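Dear colleague,

Please find the structure below, handed over for your review. My notes on what was found in it follow directly after.

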Amino acid sequence: MAVNIQNEVASVFHYFDKICSIPHGSGNMNGLADYCEQFAQEMGLRAVRDGENNVVIYKSGTEGYENSAPIILQGHLDMVCQKTDDADIDFEKDGIETYIDGDFIKARGTTLGADNGIAVAMIMAVLASRDLPHPPIEAVFTTDEEIGMVGAEKLDCTLLTGKKMINLDSEEADVLTVSCAGGSDFKLLMPVGKRVVRGTKITLDIINLKGGHSGIDIDKGRINANLLAGRILNHAGKDAEFHIKDINGGTKNNAIPFCCRAEIVADDAQNLIGAMQDYIAVVKQEMGDREKDCSIVLTAGQTGDYEVLTSDSRARLLNILLTTPNGVVDMSAEIDGLVETSLNLGVLMMQNGGFVMQYALRSNKSSALTFLEERMAAFADSNGCRYEISCRYEPWEFKKDSPLQRLYAEAYCEQFGRKPQISAIHAGLECAVFAKKIDGLDCISVGPDMFGVHTVHEKLSISSATEIFKLLCTVLGRCK
């Protein structure tokens, strides 16, 4: 590029650091939306903020681009908040503590929020630049993407005139994403009966599974902590008597749960612990290298009177955990290696006197998503449970003969000396929402290399973020 953009590159990481310092988990967007408005005011740019805390910032085209068609740059403000047991953080009030490890930006004991803070930072760097050539920019920062694309769904798209959009919510630098899955949230509500028994409380802790993104990582063999807890407890019932007091695992339906805690009560604690330890050893050997860092711990507690599930409720809960659909349901027959339909039991918890199980359902085909919802409804009915379906969003379908795809691919090839991988992904992107709401939208999704997204192992490649930002600037300069 003729323009030296080193200052703008530095701005990307400046803004990312600022974003990390502001609490911005899903449902907690006020602070970061405030910052976006403050940023626009400082830059002398017009901004619109709606009741969902979506923010749209407008910047005119630079010299020679004043009459060019506008382009939409889009990312989301919220992050998935996960932490290790020993992390001292209140996500409602505290920012993320980051550090640099070689080429990576990481967080101490929490998710990093590079999904999608780095997108917001890149867009801010473009908006702040006085030197980068570009057409008119409509910068769209949406909210609550991670809990169902709520902000994008409710955004008034008459605020936008652009017919081309670059979404910056992808996680592999070599990939140009052109299609994504649709999805919905499925909540299964299981009523339970309870009684009081006397015995010794035993706690089963499953921790340090890999976890991961329920779309991107669903085919990678990651163990679901909730299902593993159900498996261990079901087997334990073959050798000893016990009662279930509580089970709690996972925090987000769109994250493969990496931990689960079950509290059970037994008359003969030592006998039960011995039987469970033998089976846990078998399970850990079976998991092998897939989950080498997993820890499964049994702890005996106090003897006393405890409220537990009735025998019927215990049996029904374990049956659900043993038989629930979970993971890959179907592979695409059209795109090699693409998971077409899947689901993830991300949250298991006791709430309002019953068990709540929260699933993320996904499919790249709308009809298959509907069928999966129908299957889960039948599964709930057959187990005497109620269910709720919410936050449904349609797939983003592949657009042939896309000028924006060609432009980006050509610029990528020039910069890296190779072609990008053209891909559809089994995860939700807001591109699907915007493609539905803006007639004729030409859209792509790109982003730098990120690893461990939605987990406490999340990290962002500094060099990759730098190169993708430079590429973004090149593409903008060619949108004349």
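Phe141 is in contact with Cys36, Asn53, Asn54, Val55, Ile57, Gly75, Leu77, Val120, Ile123, Met124 and Leu127, once its neighbours within four places in sequence are left aside. Please note that this is a predicted model. Together with Ile166 and Phe469, Phe141 touches the most other members of the largest nonpolar core, which has 71 residues. Helix 3 (residues 114-128) supplies the largest share of this core, namely 12 residues. Apart from this core lies another, of 53 residues, with Ile206, Leu233, Ala266 and Ala269 among them. As general background, nonpolar side chains tend to be buried together in soluble globular proteins.

Two helix pairs deserve a description.

Helix 1 (residues 6-20) and helix 3 cross at roughly 135°, and their axes come within 8 Å. On the side of helix 1, the contact is made by Glu8, Ser11, Val12, Tyr15, Phe16 and Ile19. Helix 3 contributes Ala114, Gly117, Ile118, Val120, Ala121, Met122, Met124, Ala125 and Ala128. Of these, Val120 and Met124 are also among the contacts of Phe141.

The axes of helix 5 (residues 225-236) and helix 6 (residues 269-287) are 9 Å apart, and the two helices pack at an angle of about 135°. Helix 5 and helix 6 are therefore oblique to each other, and helix 5 passes helix 6 in a right-handed crossing. From helix 5, the residues making the contact are Leu228, Arg231, Ile232, Leu233, His235 and Ala236. From helix 6 they are Leu272, Met276, Tyr279, Ile280, Val283, Glu286 and Met287. Leu233 is also one of the members of the 53-residue core.

A further point concerns Ser170, placed in the loop between strand 7 (164-167) and strand 8 (175-180). Is Ser170 buried or exposed? Buried means under 20% relative accessible area, and Ser170, at 6% relative accessibility, therefore counts as buried. The side chain of Ser170 forms a polar contact of 2.7 Å with that of Ser445 and one of 3.4 Å with that of Thr177. Not counting residues up to four places away in sequence, Ser170 touches Thr177, Ser445, Val446, Gly447, Pro448 and Met450.

With kind regards

Definitions and conventions: Residues are numbered from 1 along each chain as its sequence is written. This is a predicted model: local features need pLDDT of at least 70, side-chain atom pairs count only at pLDDT 80 or more; totals for chains, interfaces and linings use all residues. Side-chain values use heavy atoms; hydrogens and water are left out. Helices (H or I, at least four residues) and strands (E, at least two) are DSSP runs, numbered from the N terminus. Buried means under 20% relative accessible area, exposed over 50%, partly exposed in between (1.4 Å probe, protein chains only). A polar contact is a pair of N or O atoms within 3.5 Å; within protein, one must be able to donate a hydrogen and the other to accept it, and residues adjacent in sequence count only if both atoms are side-chain atoms. Contact means heavy atoms within 4.5 Å. A nonpolar core is a set of buried Ala, Val, Leu, Ile, Met, Phe, Trp, Tyr and Cys residues joined through side-chain atoms within 4.5 Å. Axes are lines fitted to C-alpha atoms, for helices over the stretch in contact, and angles run from 0 to 180 degrees between N-to-C directions. Angles under 35 degrees count as roughly parallel, over 145 as roughly antiparallel, 65 to 115 as roughly perpendicular and the rest as oblique. A crossing is left-handed if the near helix is turned anticlockwise from the far one by less than a right angle, and right-handed if clockwise.
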